[in-house]
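Have a look at the sequence and the structure first.

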Amino acid sequence: TTSYDRRNRVMEGSRHRGTVPRVLLSHGSADIEEVVADFKTHAPPVALISPALTRGHDFPGEQCEVVVIGKIPYPDTRSAVVQARIKRWKDYPAFTAMQTIQQEAGRATRYVGDRCEVVIIDDDWKWFWPKYRHYASKWFAEAVKGSVATIPKPLVKLPSSAS
């Protein structure tokens with residue numbers, strides 16, 4: 001989600017908020033490892049809503065089969081270091097955003113036999129991808145399929161209390 005504020009809006013706006021059994025999991029800065037471990041063993045349906053799982057976590061096999069990227073993850077451009085990089089290369093934010101998107105997409109597709117759909121729901125993707133696709137790795141560029149007209153049906157049936 002790129003931020004805890006956006007994560008909160010997703011959680012609060014979901015019709016699955018507060019369901020029993022829990023369908024939505026999330027974490028703060030102090031309990032990320034505990035919540036990730038819970039997610040990995042949680043029976044479906046379950047969604048892990050996070051602004052911080054762009055790198056360093058693997059979800060092999062059936063631990064994660066859908067990744068939703070809610071926002072193009074541009075870097076924070078307020079630091080002097082990032083400002084200097086942008087001054088030398090104006091596309092630095094777009095390049096790093098593309099690298100992060102690929103990292104996010106790869107969380108659940110690390111091993112032979114993994115299967116995962118990656119859905120980017122940020123409307124900015126419509127212009128970002130054509131303009132910056134040259135910064136994507138070959139494997140990623142070959143995997144991008146474009147837009148869909150309708151949202152696919154859920155992979156699993158939600159509990160009746162979650163409807």
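This is a predicted model: local features need pLDDT of at least 70, side-chain atom pairs count only at pLDDT 80 or more; totals for chains, interfaces and linings use all residues.

Residues are numbered from 1 along each chain as its sequence is written, and side-chain values use heavy atoms, with hydrogens and water left out.

Helices (H or I, at least four residues) and strands (E, at least two) are DSSP runs, numbered from the N terminus. Let us begin with α5, which spans residues 125-132 and has Trp 125, Phe 128, Trp 129 and Tyr 132 buried. Here buried means under 20% relative accessible area, exposed means over 50%, and partly exposed lies in between (1.4 Å probe, protein chains only). These four cover an arc of only 100° around the axis, so they sit on the same side of α5. That arc is taken from the directions from the helix axis to the C-beta atoms. As a reminder, an α-helix has 3.6 residues a turn, so residues three or four places apart point the same way. On the other side of α5, Lys 126 and Pro 130 are exposed.

What covers the buried residues of α5? The cover includes α4 (92-105), β4 (117-120) and α6 (138-143), where contact means heavy atoms within 4.5 Å.

Helix α4 is mostly covered, with 11 of its 14 residues buried. Among them are Tyr 92, Met 98, Ile 101, Gln 102 and Glu 104. Elements that cover the buried residues of α4 include β3, α3 (80-88), β4, α5 and α6. From first C-alpha to last, α4 reaches 20 Å, close to the 20 Å expected at 1.5 Å a residue; the expected span is 1.5 Å times one less than the number of residues.

## A nonpolar patch

Val 66, Val 68, Val 119 and Ile 121 make a nonpolar surface patch of about 330 Å². Patches are built from residues with over 30% relative accessible area and no salt bridge, joining like charges within 9 Å and nonpolar side chains (Val, Leu, Ile, Met, Phe, Trp, Tyr) within 5 Å. The accessible areas come from the Shrake-Rupley method with a 1.4 Å probe. Val 68 is found in strand β3 (residues 66-69) and counts as exposed, at 52% relative accessibility.

## Salt bridges

Side chains of opposite charge can pair when their charged atoms come close. How many salt bridges does the structure hold? There are nine, each being a side-chain nitrogen of Lys or Arg within 4 Å of a carboxyl oxygen of Asp or Glu.

| Pair | N to O distance |
|---|---|
| Arg 22 and Asp 38 | 3.0 Å |
| Arg 115 and Glu 65 | 2.9 Å |
| Asp 76 and Arg 78 | 2.6 Å |

Arg 22, in the loop between α1 (4-13) and β1 (24-26), and Asp 38, in helix α2 (residues 32-41), link distant parts of the chain, 16 residues apart. Arg 22 is partly exposed at 46%, and Asp 38 is partly exposed at 29%.

Arg 115 lies in the loop between α4 and β4 and Glu 65 in the loop between β2 (47-49) and β3, so the pair ties together parts 50 residues apart in sequence. Arg 115 is exposed at 53%, whereas Glu 65 is partly exposed at 22%.

Finally, Asp 58, Arg 107 and Arg 110 are linked in a network of salt bridges.
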